[in-house]
Amino acid sequence: MSEAVSGTQDVVVPAADAVPVDGASAKEKEKGSSALPKGAWAVMFTVLGASMMDLLDATVMNVAAPSIRNGLGASNTEYQWISTGYVLSFSVLLIAGGRLGDIAGRRRMFLIGLAGFTIMSAVCAVAQNPGELIAARLLQGSASAMMIPQGIGMIREKFGRENSQKAFAIFGPFMGLSAALGPVLGGTLITYASWRWVFVINLPVGVIALYFAAKVLPKVHHSEGERPKLDYIGLVLCSIAVGLLVYPVIQGREHHWDTGIWLMLAGSAVVMVLFAVYARARHKKNLDPFLETSLFRKRAFTTGTMTIFLFFGACAAAFTVSPLLLQVSLGWSPLRAGLTGAWWSLGTIISMGAGQAFVKKTPRRVLHAGLLTLAVGMALSAFIIKHYAGTSFTLNAEHQPIWHSGVTSWNLAPALLVSGIGMGLVFAPFFGLVLAAVDDHELGSANGVISSFNQLGNAVAAALFSTLFFNRVESGGSPFPAAELVYWLAAGILVLTWLLAFMVPKTARSEDEIMV
């Protein structure tokens, strides 16, 4: 953020043209000038810093959760909530966060979300029992849902259509680097300090990001009568439908899948139908919708959304079972588990760069290749776990079994590297393909739905697969067949996703077009 930082500038424009114009004249814009507006890079790096903090927090939890479980004495169900509570509240409120940015202002909602995320990180760090931590994680996820949808939009507004690619060319690799560093950073902090430092480290980053956000982020005001209105009923119905789906999935095992759990799942479907009927009626009256219902009448978008849900669910299966097997069952240190997971991140970074060479010409083929490569990586993981499975264990100080096996970081490396390469190939064309059939006025809603289904797939899969793993182990079984089964199921889901992906469009929108 070496650019000179001046106060934010206020701009009043119609809603349809709500783009800051500071730093470039209207005449320059008409000519398509490539000159960057003043302060554009300061905005980009401020948003990037906050986004990297959020992603680091999410990826760190992959290795931190077992240590937190032991430190707070959490039950298996509480362990699931510590891991998935953040994702649950984030996915439920993500669409609402994006819509609130349109209404109340992206800068304002970004500041509120960033402040809430930082404060809740402090609360997480001092939590004294699982209940306190779960509550703080739920609120932290809610704050993130207010913050994250605003960042890309503000970059798009500040840089303009002609310069957005310059920003996103830097934004993407840095986010990939965050995903790679998260497990390693988490493992280092837990090994040499405490799991509480996983949250403490957010505090200085959050405070610095807040300072620069207040200084550099642009204010955009709508003209009188042009400000969209929030559909409160739509917000409540959509949030309830998602909550009624995810909550029983997480709590089902604890309640032995009783009648109440199944009623909640059925209630989710009923509320979603009510939301669809209400949204369509609102659309016919030309009222501002919570979501553009026309999206779901497009087969390409609906298929793409289901592809996203299944893909991220399959990835969540691996990310969920890995710490359970390596740290909880084999007794690996968080640092060793984090360094092992870096093979996956390395593959992702490499293939995201290499995949760009083919994305423009054959994006759907790159997507298909990525899905099958990731499926092969999951299958390899299952084979390795079966081949090196242990048959004996010793009890640790907490009287929990620590198994002895031939599984090492090095014999897991090929499977993890292949999986990472597959994920990177999928990421390269993924969102452009899903959004190819979406009209310009639907892009805002479409981005919100896609992000929500991404997180929803993570939450549902993490709950289901951790339940499957715990059920197998708690009934006296070995963790190796349980982990092997999860990886085989993930591979099967990816093959199904590969088949479904034949229904997405063959051509993709450019990255500049989808970042609204």
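Mentor: Let's start with contact: two residues touch when heavy atoms lie within 4.5 Å. Keep in mind that this is a predicted model, where local features need pLDDT of at least 70, side-chain atom pairs count only at pLDDT 80 or more, and totals for chains, interfaces and linings use all residues. Residues are numbered from 1 along each chain as its sequence is written, and side-chain values use heavy atoms, with hydrogens and water left out.

Trainee: Okay, which residues does L335 touch?

Mentor: Leaving out residues up to four places away in sequence, L335 touches V184, G187, T188, T191 and Y192. L335 and V184 sit 151 residues apart in sequence, yet their C-alpha atoms are 6.2 Å apart in space.

Trainee: Why is L335 called buried?

Mentor: Buried means under 20% relative accessible area, exposed over 50%, and partly exposed in between (1.4 Å probe, protein chains only). L335 has 17%, so L335 counts as buried.

Trainee: What makes D57 and R137 a salt bridge?

Mentor: The term asks for a side-chain nitrogen of Lys or Arg within 4 Å of a carboxyl oxygen of Asp or Glu. For D57 and R137 the N to O distance is 2.8 Å, so the pair qualifies. D57 lies in helix α2 (residues 40–72) and R137 in helix α5 (residues 130–159), so the pair ties together parts 80 residues apart in sequence.

Trainee: And how do you know that D231 and R282 meet in a salt bridge?

Mentor: Their N to O distance is 3.7 Å, so that pair passes too. D231 is in the loop between β2 (219–222) and α9 (232–251), while R282 is in helix α10 (residues 259–284).

Key:
Helices (H or I, at least four residues) and strands (E, at least two) are DSSP runs, numbered from the N terminus.
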